[in-house]
Amino acid sequence: MSSHGDSADHEQSGSPIDICQWIGFCNPTKNTPALQPPKKNKQAGVGVILSLNPDNSIFIHTVCPNSSSDGYLRKGDILVGVGNQNVTGKSASSVAHLLLGPEGSEVSITVLRNQDETTDQPQQLKFHLKRQRTDTAAARIAVKNAINERLEPFR
């Protein structure tokens, strides 16, 4: 696996966890009401949790099981585009909001992926994913696992 996917290699912020900087809509749990999309708009995402590399590039930290990203995006993929926008240099929270949209709508996502360990040149890949609500139980497990992984260096 590329070093992009190993959260232990990433700089830690001043606080043990800054959820707004690394979570990217797996449809949050009841414990994160500020991050839940408004119910009346039926907003949905693509089922990923985002994180930042030390160079401030945004990468896929977790792909929620059975989400629209499952089988397409991978842990460690560097996110470079959402829709027609280049997201290089943007905050993880602003990119997470770009991933949200009306349930059933499509969004294109462009990533850089290291194909194998023999080359340093990542391949640029573009995926067209349908925004959907992520299974609540799967989302809770993915968020819990991501938080535990993120907190591991502090234990």
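Predicted model: local features only at pLDDT ≥ 70, side-chain atom pairs only at ≥ 80, totals over all residues.
**View 1. The largest nonpolar core and its most connected residues.** This core counts 21 residues, and Val48, Leu50, Leu73, Leu79 and Ile109 touch the most other members. Two or more residues each come from β2 (48-52), β3 (58-63), β4 (78-82), α2 (92-99), β7 (106-113) and β8 (123-130). The top contributor is α2, which gives 4 residues. A separate core of 5 residues lies apart from this one, with Ile49, Cys64, Val143 and Ala146 among them.

**View 2. Helix α3, residues 136-151.** From first C-alpha to last, the 16 residues of α3 reach 22 Å, close to the 22 Å expected at 1.5 Å a residue. Look along the helix for its buried residues: Ala138, Ala139, Ala142, Val143, Ala146, Arg150 and Leu151.

**View 3. Asparagine 56 in the loop between β2 and β3.** Here is a residue other than glycine with a positive phi, near 70°. Asparagine 56 is partly exposed, and its relative accessible area is 48%. For context, most residues other than glycine have a negative phi.

**View 4. Asparagine 66 in the loop between β3 and β4.** Although asparagine 66 is not a glycine, its phi is positive, at about 65°. With a relative accessible area of 64%, asparagine 66 counts as exposed because this value is over 50%.

Terms used: Residues numbered from 1 in each chain as written. Heavy atoms only, no water. Expected span 1.5 Å × (residues − 1). Buried < 20%, exposed > 50% of the residue type's maximum accessible area, 1.4 Å probe, protein only. Core = buried A, V, L, I, M, F, W, Y, C linked by side-chain atoms within 4.5 Å.
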